[in-house]
Amino acid sequence: MLLNWTVMILYNYFSAMFVGPGYVPLGWTPEKSQDCMYLQYCKVCQSYKAPRSHHCRKCNRCVMKMDHHCPWINNCCGYQNHASFTLFLLLAPLGCIHASFIFVMTMYTQLYNRISFGWSSVKIDMSAAKRDPRPIIPFGLSAFAASLFALGLALGTTIAVGMLFIIQMKVILTNKTSIESWIEEKAKDRIQYYQTGETFIFPYDMGSKWKNFKQVFTWSGIPEGDGLDWPVREGCHPYSLTIEQLKQKADKRVRSVRYRAVEDYSGVCCPVTKGVKTFFTTPCTEEPRIALSKGDLILATRGLKHWMYGEKILDSAADGGVRERGWFPRKCVEKCQYDTETDQPVDGEKKNR
């Protein structure tokens, strides 16, 4: 049984790794040219982003139904390998629970044969068993330590990977991805902030957990659809989610603040020369850092107490349309002072956007 767990775990692990998530074809455009107005354009892939697809900086491609980039499989989790990845997250804890049971029972039976109870103390003799028959496999102090260490790894894997499985099942049963859950949260915040009176309904929820489940898991192992066109619930626009993404992108431009670099920054993860607080509060994320030179302009979109995230303003003719986005220390920049009132949108304009 333990070998069966191992085979199934490795099969789904390597399937998720080598099958991959599926990528939007380079140069892809929707069948109807008028639908391009609802989609974002990817300058790297030279194509429009299909519904539910996102560009991955690690894979350097637009991934169909991207959930996240997983460093453990060195690939994205998306349309084609979402089922294999989720099965791996299920089977790994089950196999570890089985292994934990074996470790616990082994240590219990072996220690039971070596424990002697005195009047004032309990003694454990790890040299040999005090009862016959002798064990087939010798169990000494080193074997006990190795079993205890393996038990800790098995329990840790069960808890950590099991929590990831629960998170994945929650988004699968609502037919979402982790990214789409975040987009839905931002949609609610945007509507509440601007008080537009809109009601955002996630378009890909089929209204039934079983129907949502079948969108990912099939008997053939091949997910439904082609990864480019998706069925939507009744009453929703086919591009409801992409339209919301465009609104959030426009809102980000409105809320962004322009900063100018006053110190050079090399782009290292934990800069020593930028202060102790900056060093120890570096963002715990895979998002990149951007190098700054004195005088660079940056549009900051979000930030922490000692770090900020934004996009460097580059000359589009010189950089070929490639954007540089990432984190940088807050102490390396200062907010730009606008020369005229027209350079900065007024609060009323932002509110009506």
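Modeller: A disulfide is called when two cysteine sulfur atoms lie within 2.5 Å of each other. This is a predicted model, and the structure holds zero disulfides.

Colleague: How far is the sulfur of Cys269 from the closest cysteine sulfur?

Modeller: The distance is 4.0 Å, to the sulfur of Cys270, so the two are too far apart for a bond.

Colleague: Is Cys76 buried or exposed?

Modeller: Buried means under 20% relative accessible area. Cys76 has 0%, so Cys76 is buried. Cys269, at 41% relative accessibility, counts as partly exposed.

Colleague: Now the helices. At what angle do α2 and α3 pack?

Modeller: Helix α2, residues 82-112, packs against helix α3, residues 141-173, at about 150°, and their axes are 8 Å apart. Angles over 145 degrees count as roughly antiparallel, and therefore α2 is roughly antiparallel to α3. The crossing of α2 with α3 is left-handed.

Colleague: What kinds of residues make the contact of α2 with α3?

Modeller: There are 22 nonpolar and eight polar residues in that contact, and no charged ones.

Colleague: Which residues does UniProt list as "transmembrane region"?

Modeller: The unreviewed UniProt entry lists 6-24, 87-108 and 136-167. In the model, residues 87-108 are 100% helix and 0% strand, with the end C-alpha atoms 32 Å apart. Residues 6-24 are 74% helix and 0% strand, and there the end C-alpha atoms are 33 Å apart.

How values were computed: Residues numbered from 1 in each chain as written. Predicted model: local features only at pLDDT ≥ 70, side-chain atom pairs only at ≥ 80, totals over all residues. Heavy atoms only, no water. UniProt positions renumbered as here; feature names shortened; annotations may be inferred. Helix = DSSP H or I, 4+ residues; strand = E, 2+ residues; numbered from the N terminus. Buried < 20%, exposed > 50% of the residue type's maximum accessible area, 1.4 Å probe, protein only. Axes fitted to C-alpha atoms, helices over the stretch in contact; angles between N-to-C directions. Parallel < 35°, antiparallel > 145°, perpendicular 65-115°, else oblique. Left-handed = near helix turned anticlockwise from the far one by under 90°. Nonpolar A, V, L, I, M, F, W, Y, C, P; charged D, E, K, R; others polar.
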